[in-house]
Amino acid sequence: MSFFKTFYRSLFDFTWLRDHKQNTKPAAGYALLFIFITTILYVLPIVREVKPLIVQLIKTVEEQVPEFTAYVKGGELSVDGITVPYTFETKTEDGAAFKIVVNTETTTTPELATFVGEGPSNGLFFSKTALTIYQGGDGVDKTQTVSFKDVSDTNFSKADVMSVLNKFRGAGLYILAAFVIVFFFVGVVIWKLLQLFVISLFILMISAIAKRGWFLKEIFTVGLFALTLPTLINITLLWLGRPIPFLYTAVSLFLMLGAMFYQESGGETKSVEPSSAP
């Protein structure tokens with residue numbers, strides 16, 4: 001079964017979907033390949049956007065951050081080479097502020113609004129006992145804290161930081177992207193299968209009430225083919241930054257119920273055996 005023919009037919013053809021309701025293996029193969037391709041298309045643009053940010057970060061750290069050595073010992077942070085409290089602040093290309101504050105003379109952290117200020121802003125606050133990660137602005141305020149008690153005794157310098165950043169300027173970034181693609185792919189597959197199973201159970205009840213005589217396996221198979229359109233719509237809306245809740249489910253239901261109930265004028269509902277599928 002041609003991938004491109006399946007891709008085209010699965011977008012809109014209710015009759016084709018119904019005729020292939022018994023082709024479970026081809027449906028699974030198509031779904032996995034389609035999800036893998038869309039995962040790559042979704043992740044790679046992010047990688048391209050991240051690369052210039054890493055280059056900018058390397059240049060900024062190299063030129064503006066003084067030489068230092070940081071030590072984590074017994075759950076506490078100490079830093080040599082800088083005067084605390086130390087503040088480093090820069091702006092990204094989109095105008096958002098990024099701030100790093102090191103104050104090893106305190107064990108408390110400021111309130112989010114006090115730290116990030118107005119507008120889109122992110123930052124890191126290193127106290128004596130913890131690292132606090134801030135995300136603020138645009139109506140989104142988040143704080144995450146990592147205690148140094150959970151960190152093994154270690155030390156690192158500016159040279160170590162530069163070494164790590166430089167690894168992600170070249171091939172390291174694409175190696176990381178490959179790992180992200182694999183993990184993202186596995187997560188998306190699991191999520192879509194669970195979501196499809198729930199939708200299939202709902203449609204199975206409709207089939208029983210309407211006396212259509214469909215089995216759960218057949219409904220699930222149609223759903224594997226029918227994930228094309230809702231996935232493309234979902235990704236497009238995510239790229240545009242305008243996701244619509246439950247739209248994926250609604251479009252999936254429309255296609256799967258259409259395959260079950262739609263009948264061309266004068267036609268009869270029919271199915272084909274897996275061996276005779278194109």
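Colleague: What percentage of the 278 residues in the protein chain is buried?

Modeller: Please keep in mind that this is a predicted model. A residue counts as buried when its relative accessible area is under 20%. Among the 278 residues of the protein chain, the buried share is 36%.

Colleague: How many helices and how many strands does the protein chain have?

Modeller: Both kinds of element occur in the protein chain. Among its contacts between residues at least 6 apart in sequence, 60% join residues at least 24 apart. The counts asked for are 9 helices and 8 strands.

Colleague: Which residues touch the most other members of the largest nonpolar core?

Modeller: This core holds 28 residues. In the largest core, the residues that touch the most other members are Leu17 and Met256.

Colleague: Which residues are in contact with Met256, leaving aside its neighbours within four places in sequence?

Modeller: Contact here requires heavy atoms within 4.5 Å. With the sequence neighbours within four places left aside, the partners of Met256 are Leu196, Ile199, Ser200, Ile203, Ile219, Val222, Gly223 and Ala226.

Colleague: At what angle do H3 and H7 pack?

Modeller: Two packed helices are described by the angle between their axes and the distance between the axes. For H3 and H7, the axes are 8 Å apart, and the crossing is left-handed. The angle between H3 and H7 is about 30 degrees.

Colleague: How many nonpolar, polar and charged residues does the contact of H3 with H7 have?

Modeller: On the H3 side, the contact is made by Thr24, Pro26, Ala27, Ala28, Tyr30 and Ala31. On the H7 side, Lys217, Thr221, Leu224 and Phe225 take part. Sorted by class, the contact has 7 nonpolar, 2 polar and 1 charged residues.

Colleague: How many aromatic pairs does a search of the whole structure find?

Modeller: One cluster of aromatic residues is formed by Phe3, Phe4, Phe7, Trp16, Tyr30, Phe34 and Phe225. Over the whole structure, the number of aromatic pairs found is 12.

Colleague: Is Phe254, which forms an aromatic pair with Phe14, buried or exposed?

Modeller: The rings of Phe14 and Phe254 lie 5.5 Å apart, centre to centre, with 70 degrees between their planes, an edge-to-face pair. Phe14 belongs to helix H2 and Phe254 to helix H9, 240 residues apart. Phe14 is buried, at 15% relative accessible area. Phe254 has a relative accessibility of 53%, and a value over 50% counts as exposed, so Phe254 is exposed.

Colleague: Why is the pair of Phe68 and Phe156 given its class?

Modeller: Phe68 lies in the loop between H3 and strand S1 (69-73), and Phe156 lies in strand S8 (residues 154-157), 88 residues apart. Phe68 is buried at 16% relative accessibility, whereas Phe156, at 31%, is partly exposed. The ring centres of Phe68 and Phe156 are 6.2 Å apart and their planes stand at 90 degrees; planes over 60 degrees apart make a pair edge-to-face, so this pair is edge-to-face.

Colleague: How far apart in space are Pro66 and Lys158, C-alpha to C-alpha?

Modeller: Pro66 is in the loop between H3 and S1, and it is partly exposed, with a relative accessible area of 29%. Not counting residues up to four places away in sequence, Pro66 touches Ile82, Tyr86 and Lys158. Pro66 and Lys158 are 92 residues apart in sequence, but their C-alpha separation in space is 7.7 Å.

Colleague: What is the phi value of Phe246?

Modeller: Most residues other than glycine have a negative phi. Phe246 lies in the loop between helix H8 (228-239) and H9, and it is exposed at 70% relative accessibility. Its phi is positive although Phe246 is not a glycine, at about 70 degrees.

Conventions
Residues are numbered from 1 along each chain as its sequence is written. This is a predicted model: local features need pLDDT of at least 70, side-chain atom pairs count only at pLDDT 80 or more; totals for chains, interfaces and linings use all residues. Side-chain values use heavy atoms; hydrogens and water are left out. A nonpolar core is a set of buried Ala, Val, Leu, Ile, Met, Phe, Trp, Tyr and Cys residues joined through side-chain atoms within 4.5 Å. Buried means under 20% relative accessible area, exposed over 50%, partly exposed in between (1.4 Å probe, protein chains only). Axes are lines fitted to C-alpha atoms, for helices over the stretch in contact, and angles run from 0 to 180 degrees between N-to-C directions. Helices (H or I, at least four residues) and strands (E, at least two) are DSSP runs, numbered from the N terminus. A crossing is left-handed if the near helix is turned anticlockwise from the far one by less than a right angle, and right-handed if clockwise. Ala, Val, Leu, Ile, Met, Phe, Trp, Tyr, Cys and Pro count as nonpolar, Asp, Glu, Lys and Arg as charged, and the others, Gly among them, as polar. Rings of Phe, Tyr and Trp (its six-membered ring) pair if their centres lie within 6.5 Å; planes under 30 degrees apart count as stacked, over 60 as edge-to-face and the rest as tilted.
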